[in-house]
Amino acid sequence: MRSATDFALLRDGGQVLLRGSEPADGDAIARLLASASPADHVSSALMGSMPLEPAGEGAADGRLLVAELHGVVVAAGMYRRVDEALTAEAAVAVAEAQRGNGVGTVMLERLVQDARRAGILRLRSRMQPQTAGVQALLGDLGFPYTQSLVHGAVEVEIDLDPGPEYLVRADERRHVAAVASLQSLFHPRAVAVVGASRRAGSIGEAVFSNLLQGGFAGRIYPVNPAAPSVLDVAAYPSVGAIPDTIDLALLVVPAAKVFDAARDSLQAGARALVVISAGFAETGDEGRHLQDALLALCRSYGARLVGPNSLGIFAVLDGGAINATFAPMLPPPGVVAMSSQSGALGVAILEHARARGLGVSAFVSVGNKADLSSNDLLEYWEEDPATRVIVLYLESFGNPRRFARIARRVGLRKPILAVKSGRSAAGRRAAASHTAALAGSDVAVEALFRQAGVTRADTLQELCEVATLFAYQPLPAGSRVAVMTNAGGIGILCADACEANGLELPSLSTATRAVLAAMLPREASLNNPIDMVGSATGSTYSAVLRVLIADPDIDAVIVLFTPPRMRSAQEVADAVLEACDPAPHKPVVTCFVGCPMPETRHGSLVIPSYAFPESAARALGQAAARAAWLRAPAGSIPPLPEIDRSIARRCVAAALARGDRTWLGAEEIETLLHAYGVALLAGQVVHSAAEAAAACARAGEPVAVKLVSSTVLHKSDAGGVHLNVASPTAAAAAYDAIAASLAERGLSQGMEGVLVQPMVAGGVECLVGVVRDPIFGPLIAFGAGGVNAEVFNDVAFRLHPLTDVAASELIDGVKVARLLRGYRGAPAADVAAVQDLLLRVSRLVEDVPEIVELDLNPVLVRTERRGAVAVDARICLAREG
Ligand code: COA
């Protein structure tokens, strides 16, 4: 069975299977090479010399892959190690008829990915000078490459370092392919409902009748072998029997029948399937196999699959809508696109949206996410003119790193709001390093959303409240809010809530106060909140609101109303609408407390209305945070001098030869950190009291004498740290004391030696660490270090890779930043060195993905321009699974 990552999307939205070659591919590859133009013969010869792989197995020192389209081999690609295993020769051959559709690019991308994973740093390819196509391909891929003439052939060497250029190009390619692949799903001309049922109240009936009644302008066909017609529409026994080309098939038959129904639909031309049936991966291994088979079938036809276990999809189309769900009720058409992983919560979100009058442009229940994921939907909705706001209910991330990149890009154009349920696994694992111990269960999600600029809502209610604001109001230019009310109490509540949500209520300017004083009674308060007192009428509201909208020192207005006798909420709502017409350039929200919600929309003008001042303040706080995110520089990954990847790769290969998971020894740590320009305090590992004395004499007193152990995490607690040791004799005594202390605790086996280091004076103690989350990848930590690390829990996390901006936010996200920036007259520490260190650590985990845990603790940060040095370091490697 092929795994999902075996398939790649092509430029036209089709899908190609990429797999290791097998003995049976010999003839197909030979035919491919025979048809290669003479100019390709260098690479053909090289490829011809590669052995076919034993079934499914990638050879350790090279790979020969093939690309298969509809069962036919259309391309082959290979690499083979040379030069101490860091460089590989590579070649790609694409069948003439398939050139220009991106097959060569996805083949090369896969080779690059496999080669990088195997620790190869460069790919070298030789070709005849006239093979311009291959060079164009390389340029297109976005990797830096050099060319030279060798024996009349062009030798191209690609540096497999995925710089920002490569990622941008790769994302562009995937974006084009993803959008193209979803056309049949979102713009079908003909739809078949397989399992359209005659039984009133059944899911098959609900889907079919929703589709019929949902305003779909295309053709709709029920498929049901047992029925001549369903809801008075002539039915067909199979999709193949329909005399039309079907674009989209909705499958609503029991799980056991889905595979056959899918094949029937795909054979009849469907290029998108929505599988509503349950009974797949969510039920266990058998269901998972069924799901895998279904996915492989869809992929072999180049079709996209929604679900299985999906509630269906809804989309507003040109001149109508497609409602292919069995949801009982849908919100009105609007501008918010929603995706939900859970069907039940999808219904809840739709219901909340409907109750609030929040209109949707699309709704997709991704179900088990066998194929279509929120990443695909983000790609699609980025371009969708009907969608202004994107809402995601997520339970898991397939590819968080890609999500982060796509979300960041899409988020610059359209707000993305998300509720994430469940917990990441980082905190559940046994912690063997400080960083792992500090990584709580939700830090990865939090870091992901923060870095990607995704607005996170805690509840479905908040999700809809914030979406309403994003959908209908502009973002505030800043965080200065004016609150106007007819009752002091709710004004104060609202002011508190604003503050709690990062908003400020500035005093009004003298000019504004003067204008307001002229229109309000004497007992009114002109402070912010502006208490207009109970006598305020609709016209008072309207006049005051106009003044606040015009005030350049105010970024947003919250209008509060609680009904006194004789005054109707609708009168005030109408006054607010009138003051906001034409739509103001700053957000205005309302809150009607203690009365039924009045109508706050007029034509296209919608003023979000909330039941509580806290909700209004929270939504506005989220909008201000998004505006700040949009204003912040995007950041980049700067080039870092003095990095030697080759040394690191060799060191890692040697260490992993010991076992699949291993803690590095002191010398290995020094080599690895040194190769990445990370300063580590020198020291000597000794194994006896006499050696400790000698090392102390060499280093010069005072010294620190510390236990070296990959199993004892809290060395101080185990009596493993002696500081300010003032003489060689004392160093020998410290050695003995450590040995005795471990023996007393029964930990003698954990004593791998003792490190003798010169004492360094001064500096702020920090921690820099890495922990690999099984789902989110490496998380980089920064915070207060030393023995206090876990006591103060003053640590923040960001997902790798770090940009310069993310590194600096990471530093400023913890309290120890105040010490670094110079607290109470103390000199500022070398923050630039900390930032450089964080970027280097991020680069290290990029190049050495085998790092699963890394602790630099403490890192001593000295005063400005004097650098930061790691005093203690622990690194654990594991072979990638
Ligand atoms: N092609 C077309 N129609 C077929 C068919 C086939 N191969 N096999 C059966 N049918 C028809 C049947 O004739 C029947 O029509 P009828 O009701 O008019 O007699 C109809 O399909 C339904 O078949 P049935 O066997 O009665 O299935 P069901 O209605 O009991 O259940 C599902 C079908 C898909 C609803 C059910 O299997 C299921 O998965 N339910 C859970 C769905 C769910 O919760 N999804 C996730 C939402 S978040």
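Strands are DSSP runs of E with at least two residues, numbered from the N terminus. The model shown in these views is predicted.

**View 1. N309 in the loop between β15 and β16.** The loop that holds N309 runs between β15 (304-306) and β16 (312-317). N309 is not a glycine, yet its phi is positive, at about 70 degrees. The relative accessibility of N309 is 27%, so the residue counts as partly exposed.

**View 2. V533, a non-glycine residue with positive phi.** The phi of V533 is about 60 degrees. This residue sits in the loop between β24 (530-531) and α18 (538-550). V533 has a relative accessible area of 16% and is buried, because buried means under 20%.

**View 3. The cis peptide bond from D581 to P582.** Omega of this bond is near 0 degrees. P582 belongs to the loop between α19 (569-579) and β26 (588-592).

**View 4. The cis peptide bond between E701 and P702.** Here omega is about -5 degrees. P702 is located in the loop that lies between α23 (689-699) and β32 (703-707).

**View 5. An open sheet of 5 strands with parallel pairing.** The strand order is β10-β9-β13-β14-β15. β10 (219-223) and β15 are the edge strands; each has a single partner strand, so one side of each has no neighbour in the sheet. On average, neighbouring strands of this sheet are turned by 15 degrees against each other, with direction ignored.

**View 6. The pair β13 and β14 within the sheet, with helix α7.** Strand β13 (residues 248-251) pairs with strand β14 (residues 272-275) in the parallel sense, over 4 bridges. In this pair, L250 stands opposite V274 of β14. Helix α7 (residues 203-213) packs on the sheet and touches β9 (190-194), β10 and β13. The direction of helix α7 makes about 165 degrees with that of β10.

**View 7. The antiparallel pair β4 and β5.** Strands of a sheet pair through backbone hydrogen bonds, in either a parallel or an antiparallel arrangement. Strand β4 (residues 72-82) is joined to β5 by 8 bridges, and the two run antiparallel. A75 has V94 in β5 as its bridge partner. Strand β5 (residues 87-94) is mostly covered, with 7 of its 8 residues buried.

View 8. The structure holds 0 disulfides. C494 has 0% relative accessibility and counts as buried.

Technical notes. Residues numbered from 1 in each chain as written. Predicted model: local features only at pLDDT ≥ 70, side-chain atom pairs only at ≥ 80, totals over all residues. Heavy atoms only, no water. Buried < 20%, exposed > 50% of the residue type's maximum accessible area, 1.4 Å probe, protein only. Pairing = 2+ DSSP bridges. Axes fitted to C-alpha atoms, helices over the stretch in contact; angles between N-to-C directions. Contact = heavy atoms within 4.5 Å. Disulfide = S-S within 2.5 Å.
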